[in-house]
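Please look over the fold shown below with an eye to how its side chains pack. The briefing that follows is grouped by topic.

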Amino acid sequence: RTLQDRMCVMLVACEQAQFFGNLAKLIKAKKVLELGVYTGYNSLNMALAIPDDGKVIACDINLEYANIGIPYWREAGMEHKIDLRIKPATETLDELLEAGEAESFDFAFIDADKLNYGIYYEKCLQLIRKGGIIAVDNVLWSGSVLNPRNDADTLSIVKLNEKIYRDSRVNMSMLTIGDGVTLVFKL
């Protein structure tokens, strides 16, 4: 169903989703943050990768798209693991921090509006435990990060790429799968 949608380019690459699921299993993740759900493919993928008592906090602003995936979450028996929050991700992240959830998440996937990537990164870094992973999608931005135009999305991604590269709080690896993904390992 997702591939029939005009916005299907927002779908996470299947090789990325598979890789994230394997990483989640490798680090024995129980709590996952997903910023940018679209139709819920990766939310389901992460729910399948974590134990039955695990939780995926899935953040998006568009319930219409998320509603495409919800029946599949139910069919897979994973709906109880996915906590869908329809509001700006910054609000959900702030609520989690205010509720004392700092350093309690194992894995985060950032794939929402590019202008807030820097804010999402900093808040996720507070929420992720030491040894946890943050995956940042679209870090190559179809190659435009090499010759940044003067558009806000590209400049935001370039700024975050440079910040992560210099960030002494983490180790990182930038991979060329999908539209580029940076894996950030919290020290």
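Which residues have the most contacts inside the largest nonpolar core? They are Leu-33, Leu-35, Ile-110, Tyr-120, Tyr-121, Ile-134 and Val-136, in a core of 28 residues. This is a predicted model, in which local features need pLDDT of at least 70 and side-chain atom pairs count only at pLDDT 80 or more, while totals for chains, interfaces and linings use all residues. Residues are numbered from 1 along each chain as its sequence is written, and side-chain values use heavy atoms, with hydrogens and water left out.

**Nonpolar cores**
- A nonpolar core is a set of buried Ala, Val, Leu, Ile, Met, Phe, Trp, Tyr and Cys residues joined through side-chain atoms within 4.5 Å, where buried means under 20% relative accessible area, exposed over 50% and partly exposed in between (1.4 Å probe, protein chains only).
- Another core, of 26 residues, lies apart from the largest one and has Ile-27, Met-46, Ile-70 and Ile-82 among its members.
- Leaving aside neighbours within four places in sequence, Leu-33 has contacts (heavy atoms within 4.5 Å) that include Ile-57, Leu-93, Phe-107 and Cys-124.

**Aromatic rings**
- Rings of Phe, Tyr and Trp (its six-membered ring) pair if their centres lie within 6.5 Å, with planes under 30 degrees apart counted as stacked, over 60 as edge-to-face and the rest as tilted; by this rule there are 3 aromatic pairs.
- Phe-20 and Phe-107 form a tilted pair, 5.7 Å centre to centre with 55° between the planes.
- Because Phe-20 lies in helix H1 (residues 14–26) and Phe-107 in strand S4 (residues 105–110), this pair ties together parts that are 87 residues apart in sequence.
- Phe-20 is buried, with a relative accessible area of 0%, and for Phe-107, also buried, the value is 0%.
- Tyr-38 and Tyr-65 form a tilted pair, with 5.1 Å between centres and 55° between planes, and both residues are buried.

**Strand pairing**
- Strand S2 (residues 55–60) pairs with strand S3 (residues 82–86) in the parallel sense over 5 bridges, where pairing requires that DSSP finds at least two bridges between two strands.
- Within this pairing, Ile-57 stands opposite Asp-83 in S3.

Conventions: Helix = DSSP H or I, 4+ residues; strand = E, 2+ residues; numbered from the N terminus.
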